[in-house]
Amino acid sequence: KEILNCKLRLVEITEKEIQNLKNNFLLINKFSDEKFTEFLNKKSLTENDFLQQISFPLREKKFLDENFSSKCHSHFLKRKNDLDQIIYSLIRTKEHFEAKELFLRVQEDESSFGKIAKKYSQGPERNSFGLIGPVPINRAHPRMREVMRAANIGETNEPFKIEEWWLIVRVEDRHEAELNQDMELKMKSELSKIWLKEEAQLIINNLKNLQNF
């Protein structure tokens, strides 16, 4: 936190940007100058301290843009497979025979998947008629990821086992991650956390070395 704060204090923002932040705050809260002064007194803040606080998100955005924009695309490509989202239907049971029977019933009538999940599935997915997502595919168990990546959309997979569960899965849709504005911000934030961890580790290592002397 201290490393980040030190870096952000060095980020330059203009007087106009500061004034815009203040004006927006006054507008949103419907504060007059008098009420704003009362607000500062109540919070035991100087105006300068307050402006430093509300400028934090802007400083952080500028810091991310200046330091991680050039690495954003390559980081996204490395992470893309984990960022893709999926919608799928799920039925789970602990009995292999029951899983095979339910699979055959779904095969006979694909539209019955939700009803069967509602009645027979033994996990929380039964509350949504077996439907899950959209969720990042990387949240799933490695075996589940393998099945869902290989599956055809709309095709029900034969039961397979993960730990004590027999699972019947049907992929409903896939949403491939795109490097849009929101994703760029996410990638920059991830890169900054990696950088921050490395910086902190360097300081820790230096402190350990000094202690050894």
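What follows is a working chat about a predicted model, covering its sheet, its helix packing and a few backbone details.

Me: What is the strand order in the open sheet?

Reply: The model is predicted. Its open sheet has four strands in the order S2-S1-S4-S3, and the pairing is antiparallel.

Me: Which strands stand at the edges?

Reply: S2 and S3. Each has a single partner strand, so one side of each is left without a neighbour in the sheet.

Me: And the twist, what does it average from one strand to the next?

Reply: The average is 45°.

Me: How many bridges join S1 to S4?

Reply: Nine, with the two strands antiparallel.

Me: How many for S3 and S4?

Reply: Three bridges, again in an antiparallel pair. Here phenylalanine 160 stands opposite leucine 167 in S4.

Me: How many residues sit between S3 and S4 in the hairpin?

Reply: Two residues separate them, and glutamate 163 is in that turn.

Me: What is the phi of glutamate 163?

Reply: Positive, about 55°, although the residue is not a glycine. For context, most residues other than glycine have a negative phi.

Me: Is glutamate 163 buried or exposed?

Reply: Glutamate 163 counts as exposed because its relative accessibility is 62%, and the cut-off for exposed is over 50%.

Me: Which other residue has a positive phi although it is not a glycine?

Reply: Phenylalanine 129, also at about 55°. Phenylalanine 129 is in the loop between H7 and S2. With a relative accessible area of 46%, phenylalanine 129 is partly exposed.

Me: Where is the cis peptide bond?

Reply: From glycine 133 to proline 134, with omega near 10°. Proline 134 belongs to strand S2, which spans residues 131-136.

Me: Switching to helices. Which residues of H8 are buried?

Reply: Met144, Val147 and Met148, in a helix that covers residues 142-150. These residues span an arc of only 95° around the axis, which puts them on the same side of H8.

Me: What is on the face turned away from that buried side?

Reply: The exposed residues Glu146 and Ala150.

Me: What do the buried residues of H8 pack against?

Reply: Three strands: S1 (85-93), S3 (160-162) and S4 (165-175). H8 lies across these strands and runs at about 50° to S4.

Me: New topic. At what angle do the axes of H1 and H5 cross?

Reply: Roughly 85°, and the axes come within 9 Å. That makes H1 roughly perpendicular to H5.

Me: Which residues make that contact?

Reply: From H1, Leu4, Asn5, Lys7, Leu8 and Arg9; from H5, Phe56, Arg59, Glu60 and Phe63. By type, the contact residues of H1 with H5 are four nonpolar, one polar and four charged.

Me: And H2 with H4, how far apart are the axes?

Reply: The axes are 10 Å apart, and helix H2 (residues 15-29) packs with helix H4 (residues 47-54) at an angle of about 95°. H2 is therefore roughly perpendicular to H4.

Me: Which residues are in the contact of H2 with H4?

Reply: H2 contributes Ile18, Leu21, Lys22 and Phe25, while H4 contributes Glu47, Phe50, Leu51 and Ile54.

Me: How do the residues of that contact divide by type?

Reply: Six are nonpolar, none are polar and two are charged in the contact of H2 with H4.

Me: Last one, alanine 117. Which helix does it lie in?

Reply: Alanine 117 is in H7, residues 113-120.

Me: Why does alanine 117 count as buried?

Reply: Because its relative accessibility is 0%, and buried means under 20%.

Me: What does alanine 117 touch?

Reply: Leaving out residues up to four places away in sequence, alanine 117 touches Leu90, Ile91, Arg126, Phe129 and Gly130.

Me: How far apart are alanine 117 and isoleucine 91?

Reply: They are 26 residues apart in sequence and 5.2 Å apart in space, C-alpha to C-alpha.

Technical notes
Residues numbered from 1 in each chain as written. Predicted model: local features only at pLDDT ≥ 70, side-chain atom pairs only at ≥ 80, totals over all residues. Heavy atoms only, no water. Buried < 20%, exposed > 50% of the residue type's maximum accessible area, 1.4 Å probe, protein only. Arc of directions from axis to C-beta. Contact = heavy atoms within 4.5 Å. Pairing = 2+ DSSP bridges. Axes fitted to C-alpha atoms, helices over the stretch in contact; angles between N-to-C directions. Parallel < 35°, antiparallel > 145°, perpendicular 65-115°, else oblique. Nonpolar A, V, L, I, M, F, W, Y, C, P; charged D, E, K, R; others polar.
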